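I opened this notebook to keep track of what I looked up. The entries follow the order in which I checked things.

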Amino acid sequence: MLLAVNMDPGLSSHTMASLEQLAGESFAVVTYDQRGTSRSSEPSGGYELLKYVADLEAVRQAVGAERVHLFGHCWGGLVAVLNLPVLFLWGADDPFGLETAQATRDAFSAAQVEFVVIEECGYLWQECPDDFFSHVRAFLDHAPAD
Amino acid sequence: MKPGFLILMAMLVITLGLAACGQAMEVPTREVKVQADDVTLHV
């Protein structure tokens with residue numbers, strides 16, 4: 001199962017819709033609207049980062065998966081960062097530049113970070129070449145979950 | 001039969017074939033509400 005957390009917490013999970021192409025008979029893709037966004041309700045407890053992490057855990061439990069693959073885009077990666085191993089995909093044309101990518105990668109600190117730079121790819125992975133999905137599929141194949 | 005008619009028939013067959021293929025490949029989806037600590041999440 002792939003559990004996806006979208007960029008910019010103010011956006012809905014529709015930005016992750018094209019991940020459905022990774023789904024199959026034995027592999028589910030799960031997305032959700034983050035707190036206070038789109039079809040999810042307004043939270044009574046605010047918007048601290050750890051609440052987003054708790055929401056992610058609540059979704060994991062609700063879908064009944066003991067272990068999942070997490071897919072985080074930008075902010076979504078921050079929400080998912082406590083979980084390893086990590087496939088770190090970075091578009092070579094991303095306006096923040098490779099130095100930012102390397103600093104972010106180092107923030108993962110320890111083990112099991114696979115870092116890949118994708119050519120002809122910018123900030124929006126949805127507009128990247130199919131090469132993007134090849135890396136995701138390969139990662140899913142060698143790091144199985146439920 | 002006239003060539004125009006044959007072309008029309010061929011286009012019809014291709015269109016119906018693609019539509020059937022699209023339906024066969026469609027992945028089932030469902031939506032649920034998840035109650036988290038202080039918020040209801042749309043999944």
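**Entry 1: the contact between chains**

I looked up the contact first, and it takes 18 residues from chain A and 10 residues from chain B; two residues are in contact if their C-beta atoms, placed from the backbone, lie within 7 Å. On the side of chain A that touches chain B, helix 1 (residues 49–62) gives the most, with 5 residues. Helices (H or I, at least four residues) and strands (E, at least two) are DSSP runs, numbered from the N terminus.

I noted that this is a predicted model, where local features need pLDDT of at least 70, side-chain atom pairs count only at pLDDT 80 or more, and totals for chains, interfaces and linings use all residues. Residues are numbered from 1 along each chain as its sequence is written, while chains are lettered from A and ligands numbered from 1 in the order in which they are written.

**Entry 2: helix 1 of chain A**

Which residues of helix 1 of chain A are buried? I found Tyr52(A), Asp55(A), Leu56(A), Val59(A) and Arg60(A). Buried means 20 or more other C-beta atoms within 10 Å of the residue's own, exposed 12 or fewer, and partly exposed in between, with C-beta atoms placed from the backbone. Seen down the axis of helix 1 of chain A, the buried residues fall within an arc of 140°, so they line one face; the arc is that of the directions from the helix axis to the C-beta atoms. The face turned away from the buried side carries the exposed Leu50(A) and Gln61(A).

I then looked at what covers the buried residues of helix 1 of chain A, and the cover includes strand 2 (29–31) of chain A and strand 1 (33–35) of chain B. After helix 1 of chain A comes Gly64(A), with a positive phi near 75°.
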